[in-house]
Amino acid sequence: MIPFNDPQPIGKENDYILMATNSGKLSGDGPFTERCKLFIENNFNANHALLTTSCTHALEMAVLLLDIRPGDEIIVPSYTFTSTVNAFILQGGIPIFVDIRKDTLNIDESKIEEKVTSRTKAIFVMHYAGVACEMDRIIEIAHRNNLYVVEDAAQALTAKYKDQYLGTIGDLGTYSFHETKNYFCGEGGALVINNEKFIKRAEIIREKGTNRTSFLKKEVDKYSWVDIGSSYLLSEILAAFLYGQLEMWKEINKNRKRIFEIYYNGLEHLQRRKMLRLPTIPKNCTPNYHMFYIIFNTEVERNQIMTYLRQHGITAVTHYTPLHLSQMGQRWSADTEQLLITKQTSNTLLRLPMYYSLSASQQEYIIQVICNIANVFTTNSTLAGRIL
Ligand SMILES: *Cc1c(COP(=O)(O)O)cnc(C)c1O
């Protein structure tokens, strides 16, 4: 069976874990956390990065920093992970769902401003598959309406919009190091603080509401409880693994680009015949090749191909159920339009195996299997005349 993902160490991850466990410093904010933080700040031009236990927690920190309160409205895509939205719902925020663009599957920036009301507090965007949202437009809308921008860049570390790294453009950005991401440590994340006014309070919220960070920097002579907070520090053991991954980021990106291109070139003839659609990467985006997805014409075809692949030992998987249609999301979506592209994408998208050690021969096999079923569809003429 070819798995969908296979997270394995590829550099010095295990050596660094041993160093961490032998060092006598296992809790957070030790030398490996510092190395990861500086690595992210220096290589990806992040103003101020804080390692966290997850991207979910980094998003929760963002919400506390923005002081989102009951009744505040947040504009957000429906096609995203639950954490993007749960983070502010925990504080009483209200999701205002917006449809996505058909090309990048990111929030449709042309549909944001019509949703702004006097209660709108922020726009939470998510860069799907490591391809950037149309950030110039989004930042312009936010400035005009006095809104904060948070980038859920869980999938997008090292990717760029024009010359800016994703996660460093909005007021706050968040990364994930979950094992399903490009650079991982099992569970982990980071908060990037681009708006300076949030730095001090972020350090406090992350340290259980204490000014321990100031104490460690010798700015105060003892630390105490000064604000709300929680426990958001990544263990040094995980930071050690993560540093081993971050050191390899160029190698990882090079390999993922190669895998992406093999899929693209192998399946492009099916796109030309309008049997499926491949990812679009706009000119002003430098992706990190986080995923390779295919969009089929119908849900039936997507499901048939998924089953066929599974029968041939290949794990391909669907992705998000639209949040506004989910059991929880329906609490807020009475007022929501249909969000047609979100719904259509959710029903027809399929993700192919994508991980560092996926071999060229495995990929060749996957492509072959997909081409087979496409032929079956053609002879049944289920696709005839359909327009994507
Ligand atoms: C993976 C992911 C998250 C959650 O990341 P964790 O580190 O597992 O909390 C949030 N948002 C998006 C878009 C993701 O892809």
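The lining of the second largest pocket divides into four nonpolar, four polar and six charged residues, where Ala, Val, Leu, Ile, Met, Phe, Trp, Tyr, Cys and Pro count as nonpolar, Asp, Glu, Lys and Arg as charged, and the others, Gly among them, as polar. The model is predicted, with local features needing pLDDT of at least 70 and side-chain atom pairs counting only at pLDDT 80 or more, while totals for chains, interfaces and linings use all residues. Residues are numbered from 1 along each chain as its sequence is written, and side-chain values use heavy atoms, with hydrogens and water left out.

A pocket here is an open set of points on a 1 Å grid over the protein atoms alone, with protein on both sides within 12 Å along at least five of seven lines, whereas a cavity is a set of points where a 1.4 Å probe fits but cannot get out; lining residues have an atom within 4 Å of a point. In the second largest pocket, 14 residues form the lining, and Asp 29, Glu 34, Lys 37, Arg 206 and Thr 213 lie nearest its centre.

The largest pocket is lined by 29 residues, of which Gln 155, His 178, Thr 180, Lys 181 and Tyr 320 are the closest to its centre. By class, this lining of the largest pocket has 11 nonpolar, 13 polar and five charged residues.

Volumes, each being the space filled by probe spheres set on grid points that are joined across faces, edges and corners, are listed below.

| Space | Volume |
|---|---|
| Largest pocket | about 530 Å³ |
| Second largest pocket | about 260 Å³ |
| Largest cavity | about 70 Å³ |
| Second largest cavity | about 40 Å³ |

The largest cavity lies between domain 1 (13–246) and domain 2 (249–379), because both give residues to its lining; the domain bounds come from an automatic or database domain assignment. Its lining has nine nonpolar, three polar and no charged residues, among them Phe 260, Pro 279 and Tyr 293. The second largest cavity is lined by residues including Gln 155, Ser 176 and Lys 181.

The ligand is surrounded by 13 residues, with Cys 55, Thr 56, Asp 152, Ser 176 and Lys 181 the closest, a residue being near if one of its heavy atoms lies within 4 Å. Among the polar contacts, defined as pairs of N or O atoms within 3.5 Å, a side-chain N or O atom of Asp 152 lies 2.8 Å from a nitrogen atom of the ligand, and a backbone N or O atom of Cys 55 lies 2.9 Å from a ligand oxygen atom.

Key: Polar contact = N/O pair within 3.5 Å; in protein donor to acceptor, adjacent residues only side chain to side chain.
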